[in-house]
Amino acid sequence: MMRFERVCAGYGGVPCLHDISASLREGELIGLIGPNGSGKSTLLKVAAGQLAPNGGGVYLGEACLCGLSVRQIARKIAYMPQSRAVPNITVRQLAAHGRYPHLGLGRAMSKGDWAIVDAAMETAGIARLADRTVSDLSGGERQRAYIAMALSQHTEVLLLDEPAAHLDMAHQFALMEMLSRLKSSGKTVVVVLHELALALTYCDRLLLLDRGRLVLCAAPKKALSSGMLETTFGIRIHAAAEGGYTFAPR
Amino acid sequence: MRKLDLRNGLIRGTPLYILAIFVLLALLVFSILFAVTVGSADLSIGQVYGVIFYKLFGLGDPQTMASGAIHDIVWLIRLPRIVLGMAVGMGLAVVGVVMQAIVKNPLADPYVLGISSGASLGATVAILLSVGAFGTNSVGLCAFIGAMLASFAVIWISGLGGRITSIKLVLSGVAMSSMCSAFSNMIVYTANDANRFMTVTFWLMGSLASARWESNAVILLIVLIATLFFISQSRVLNLMLLGDDTAITLGTNLQTYRRLYLIVASVMVGFVVYSSGVIGFVGLIIPHFVRGLFGVDHRRLLPLSALCGSIFLIWADVVARTILPRTELPIGVLISVVGAPIFILLLVKKTYGFGGGA
C-alpha cells in the first residue's frame, strides 16, 4: 500500500531521518514508536507529503508522492498533526472541511458529502456534539472532532500524530478500538504512540525509530522478544501472563 | 433562558439567514430613500422624489425636474454621495472580513497593510508639492498610487524568504506605516505651509463630498465584483481560520490564495481611499458585529457584512451631514467617535470569539 524507499529527511540541512525503508499493507494498524526526538513525527510528515525527503521517496502503490499535487495527496492520505488550531466553529463545520479536497470548483457540498461527514462524525464518536463549538469541547472531544475531519477526507491512508496524548486511559482505549475498526474497513492506519502498552496491545506491527534510524519493524510479540524495545527506551518491560504489560526503569 | 452564544452567532439556520438578507436589503433601500430627503437644503419629499422619478423613468415635468437647484442638489450632490457611501461601506466591511481571515486576527482592518499611510503620503505629496499632473483629482489619484505602492510593498516584504505569515504581514504593515508617515511628516515639515497642511488633514479625515456619478460607477463596479469574488472564495477563507498546516493536509496551499486576496483587497481599498479618503473603523466594527450575530462562516459573513457596511455608512453620512448646523462633520471623525465605544462594548462581552485561534 504505502512504501518508504531509502527515505532521508531533515530540517534546514540538519538530517533527522536516515535511510528508512519499510512497506505498509492495506488494512494494517502500524504503531510508530521511539524515544523523544527519534524522528517519529518527521517520518509521519514525510509520509503525509508535508515534508519533502532529501533522498529516497514515499510511494503510494506505484505513484511517488513527489509526483502528486497537494490536492491529489489529500484525497489519498489524511494526516492529523500533533498541534492543531482550535477554531470557533461547530464540530460539523470542522468535519466538513475534510471534504475540501474532493469538492469541485464551486466548492459546493453535495448531499453525498454531508452524508460522509455525518458518517465520519458517527465513527469518531462525536456525532452527538455535532452542533457544539470546537473550542468549547474538552481535549478528548476536540481530538475526536479532528479525527472526524480526517475521516471525512475518505482516504486509504490515515496518519495520526500522537492522537492519544492528553487522553485519559478510557479514552485512549476507545481511540485504539476505533482505529482497529478503521483498519478492518481496509484503511492503512499509521499512528505515533508514546504509550507502549497501547502500541503493544493494539498494533499489528511496530516501527521502532532510534535517532533517525529504523531499528525494528515487527509484530508486537516479536518486537518485545527481540529486546530492542528495552534497549532503545532504556527500560524493562514485563508481559504479564494474563495480558497487559508492566514497565520499570532499568 | 438560553445563554448568549456569540461565538457561533445568535441567529442560526438557513431560513433566518435568508430572512436577514431580505431585511437588510429592504433596510438598504429604505436608507437610500430616506437619506436622499435629508440635507442642509430645505427640500420637500415630493420635490426630491420628483427629480428621482423624472431621472429614472422620465416621468414629470422636464422644466422643473431636468435642471435647476433642486435637480442639482438631489441628482448631482445627494444621490451620488449616497451611492458612494454604499460602495465605500460595502468595500471596507468586505475587506475587513477578508483581512481578518488572512492574518487570522480579529483586530486586522482594511488598513493593516499600510494602505492608509501610503495613501496619506500620496495625498501629502499631491497637496504640498502641488503635483498637478493628474488634473483636478490629483489628490485622490496620488493617494491611490501611494496606497497601491504601500500595500504591494508590504505584500512583497512579507513574502521575502518564503511564506507570507500573518505576523510578517502585520509587522511589515506597521513598518511601512511608520516609514510612510515619516516621509509625510518630512514633507509637511519642510513645506511649512499651514493652509495646505490643513487640506491634507481634512482629506485624511475622510469624506464622501467628492462623489460624482462618473467615478461612482467605477468604484461601485469594482466593489461589487470584488465582493462577489470573495463570496465565491468563502470556503478558502473558512479554511484560513484553521491555519496553513491543516489547510495543506486538506490539499490547499493557502499561500497562493493569500497573495491573490491581498492584491484584490488592496485594489479595492485603493479605490475606496481614492474616492473618500481614509475612513477607519468600519472594516473593524461591521465584521465583528455580524460575526457576533451570525457566526464565522464566510459564506454568510461576507454578504451580511457587505449589506451592513453599506447601510452603516449611509446613515453615518446622514448624521455627518446634519449633526452640525451649516457645516458637516468629517465622516471619519464621526465613525470613530461612535465606533470606538461600540467596539469596546463588543470586546467586553467575553463570550465573543473570533473564528480562528491557537
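The model is predicted, so local features need pLDDT of at least 70 and side-chain atom pairs count only at pLDDT 80 or more, while totals for chains, interfaces and linings use all residues. Residues are numbered from 1 along each chain as its sequence is written, and chains are lettered from A and ligands numbered from 1 in the order in which they are written.

B:S166 has its place in helix α7 (residues 166-191) of chain B, where helices (H or I, at least four residues) and strands (E, at least two) are DSSP runs numbered from the N terminus. Not counting residues up to four places away in sequence, B:S166 touches B:V103, B:K104 and B:N105, contact being defined by C-beta atoms, placed from the backbone, that lie within 7 Å.

Next, display chains A and B together, where 24 residues of chain A are in contact with 23 residues of chain B. On the chain A side, the elements that give two or more residues are α2 (70-76) and α3 (91-97), and α2(A) gives the most, with 5 residues. That side divides into 12 nonpolar, 8 polar and 4 charged residues (Ala, Val, Leu, Ile, Met, Phe, Trp, Tyr, Cys and Pro count as nonpolar, Asp, Glu, Lys and Arg as charged, and the others, Gly among them, as polar).

Now select A:A148, A:L159 and B:V98, which touch the most other members among the 178 residues of the largest nonpolar core; such a core is a set of buried Ala, Val, Leu, Ile, Met, Phe, Trp, Tyr and Cys residues joined through C-beta atoms within 7 Å. Helix α4 (residues 68-102) of chain B gives the most to this core, with 19 residues. Leaving aside neighbours within four places in sequence, the contacts of A:A148 are A:V91, A:A95, A:A120, A:M121, A:A124 and A:I126.

From A:L159, move to the sheet around this residue: A:Y79 stands opposite A:L159 in β7(A), and β6(A) pairs with β7 (residues 157-161) of chain A in the parallel sense over 4 bridges (two strands pair if DSSP finds at least two bridges between them).

Finally, colour β1 (residues 2-11) and β2 (residues 14-24) of chain A, which run antiparallel and are joined by 7 bridges. A:Y11 stands opposite A:V14 in β2(A), and in this hairpin, which has 2 residues between the strands, A:G12 takes a positive phi near 50 degrees. β1(A) is also joined by 5 bridges to β4 (residues 55-60) of chain A, again running antiparallel, with A:R3 opposite A:Y59 in β4(A).

To end, zoom out to chain A, which has 9 helices and 12 strands and whose C-alpha trace spans about 55 × 40 × 30 Å along its principal axes.

Technical notes. Two residues are in contact if their C-beta atoms, placed from the backbone, lie within 7 Å. A residue is buried if 20 or more other C-beta atoms lie within 10 Å of its own, exposed if 12 or fewer, and partly exposed in between; C-beta atoms are placed from the backbone.
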